[in-house]
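Please consult the display below before reading on.

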Amino acid sequence: MTAKDIGDRETAAVLVRADGEVDEESLAYLHEKVAAALDRPGLPPVNGEVRVRRASAHHVELPWSGRTDIRVGSDLVVVHAREASARELADRLHDRLRSATERATHRSDTTRRTAAPPPWRGGPQK
C-alpha cells in the first residue's frame, strides 16, 4: 500500500437521476454500482451526476440508456451505455466508469513513464 492509498476520503457526491419508468429497485442497484466504482482509496474528490432513461416505446431494442458526467479531481469523465435491462445497464456503467476513472487518475502519474523516450522515437542515442 502506498502513501496515496492511505487516509480519509470524502464521500462521493454523485447524484443519480432517472427519466421515464424507472423503478426504485433498479435505481438503488445503479446507485450501489456507481458507489462501488467511485468509493476507492487513492481517488481524488469526486462529484457529478448519473442520468438513466428508459424509453417509453415498446419496439426499442435497447430501451435503457445511461450517461455519467463525473469530475474526478480536475478531470471530467463521461461514460455512455445502452442496454436491454436495468441491471445490465448498471453493470456496464460500472465497468466503463471504473476503467475511465483509472485512466483519468493515472494519466499524470509520472512513475509509470520512462525517463526518456527510446532512441527510435527521438530519444538520446548511445
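**Questions on a predicted model**

Reader: Where in the chain is Pro-45 placed?

Author: The helices (DSSP runs of H or I, at least four residues) and strands (E, at least two) are numbered from the N terminus. On that numbering, Pro-45 falls between helix H1 (24–38) and strand S2 (46–54), in the loop.

Reader: Is Pro-45 buried, partly exposed or exposed?

Author: Buried means under 20% relative accessible area, exposed over 50%, and partly exposed in between (1.4 Å probe, protein chains only). Because its relative accessibility is 49%, Pro-45 counts as partly exposed.

Reader: How far apart in space are Pro-45 and Gly-73?

Author: Gly-73 belongs to the turn of the hairpin formed by S3 and S4, and has a positive phi of about 65°. Along the sequence, 28 residues separate Pro-45 from Gly-73, and from C-alpha to C-alpha the distance is 5.5 Å.

Reader: How many bridges join strand S3 to strand S4?

Author: Two strands pair if DSSP finds at least two bridges between them. Strand S3 (residues 64–72) and strand S4 (residues 75–83) run antiparallel, and the number of bridges joining them is nine.

Reader: The charged end of which residue sits over the ring of Tyr-29?

Author: A charge sits over a ring if NZ of Lys or CZ of Arg is within 6 Å of the ring centre and within 35 degrees of the ring normal. Here the charged end is 3.8 Å from the centre of the Tyr-29 ring, and belongs to Arg-87.

Reader: What average pLDDT does the protein have?

Author: Residues are numbered from 1 along each chain as its sequence is written. This is a predicted model, in which local features need pLDDT of at least 70 and side-chain atom pairs count only at pLDDT 80 or more, while totals for chains, interfaces and linings use all residues, and side-chain values use heavy atoms, without hydrogens and water. The pLDDT is the predictor's confidence in each residue, from 0 to 100. At least 70 is reached by 84% of the residues, and the average is 83.
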